[in-house]
Amino acid sequence: MTMRFDLRRETAPLHENVDAAFGALDLEKRSDYRRFIQAHRLAARAAERQLNGAENLPAIQLTPLLEADAAALDLPEDDWQPSTLEGEQHPMGIAYVLLGSRLGNRLLQRGEYWAKHDTHGSRSDHYLSDRTHEPSWRALVEQLGRLDSDEKERAVIMSSAAATFAAFEEALRHSRDTLPE
């Protein structure tokens, strides 16, 4: 088994928890769509900071997309950070979650969400409509397939992926608490 399949198997319950938490939002409602974007903005920003300077990783630049959506939605600046990403994390675990989220966003894009038809005066679906990260996902999958790591490194990659999934859940709770209906 490759690291990719190990990650998918080991983090499946965490992925399901994140999907359920975000799935409780009604993305056709502006308030829930704003919470969705804010939560992803805060979690992705913290996760991408961990990747700063990481070598040999495919390009990951979700924050600019989320910042554009946040500006269009008049979301407040927020310097909150998820506690789950405190301390050094393994870039491969973070990249797995961030780039894998792009596949989930493709599914969301097929459904209805508040900004989809741009009838609201400003485009705020840069993040959901982005497809530029698909080559980065394929490159990461190849890297994970070739990764020759020992058990200690594999455990660190797993725990970093788990911390990143948890950061998205934590960011959603924060967004629910700080963004009014």
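1. Salt bridges. The structure holds 10 salt bridges, a salt bridge being a side-chain nitrogen of Lys or Arg within 4 Å of a carboxyl oxygen of Asp or Glu. This is a predicted model, in which local features need pLDDT of at least 70 and side-chain atom pairs count only at pLDDT 80 or more, while totals for chains, interfaces and linings use all residues. Residues are numbered from 1 along each chain as its sequence is written, and side-chain values use heavy atoms, with hydrogens and water left out.

2. Arg 35 and Asp 32 form a salt bridge at 3.0 Å, N to O. Both residues belong to helix α2 (residues 30-51) and sit 3 residues apart, about one turn of the helix. Helices (H or I, at least four residues) and strands (E, at least two) are DSSP runs, numbered from the N terminus. Arg 35 has a relative accessible area of 5% and is buried; Asp 32, with 9%, is buried too. Buried means under 20% relative accessible area, exposed over 50%, and partly exposed in between (1.4 Å probe, protein chains only).

3. A pair between helices. The side chains of Glu 67 and Arg 45 meet in a salt bridge of 2.8 Å, N to O. Glu 67 is in helix α3 (residues 63-72) and Arg 45 in helix α2, so this pair ties together parts 22 residues apart in sequence. Glu 67 counts as partly exposed at 25% relative accessibility, whereas Arg 45 counts as buried at 13%.

4. A pair between a loop and a helix. In the salt bridge of Asp 130 with Arg 102, the closest N and O atoms are 3.6 Å apart. Asp 130 lies in the loop between α5 (126-129) and α6 (134-146), and Arg 102 in helix α4 (residues 91-110), so the pair ties together parts that are 28 residues apart in sequence. Both Asp 130 and Arg 102 are buried.

5. Charge count. There are 22 positive and 31 negative side chains, and the centres of the two sets lie 4 Å apart. Lys and Arg count as positive and Asp and Glu as negative, without His and the chain ends; the place of a charge is NZ of Lys, CZ of Arg, CG of Asp or CD of Glu.

6. Fold and dimensions. The protein has 7 helices and 0 strands. The C-alpha trace spans about 50 × 30 × 30 Å along the principal axes. The radius of gyration is 16 Å, which agrees with the value near 16 Å for a compact globule of 181 residues; it is taken over C-alpha atoms, and the globule rule is 2.2 Å times the number of residues to the power 0.38.

7. Of the 181 residues, 50% count as buried. The protein exposes about 9100 Å², of which carbon and sulfur atoms supply 49%. Accessible areas come from the Shrake-Rupley method with a 1.4 Å probe; for residues, only the protein chains shown count as cover. Among contacts (heavy atoms within 4.5 Å) between residues at least 6 apart in sequence, 85% join residues at least 24 apart.

8. Thr 84. This residue lies in the loop between α3 and α4 and counts as partly exposed at 25% relative accessibility. Leaving aside neighbours within four places in sequence, Thr 84 is in contact with Gln 89, Ala 163, Ala 166, Ala 167 and Glu 170.
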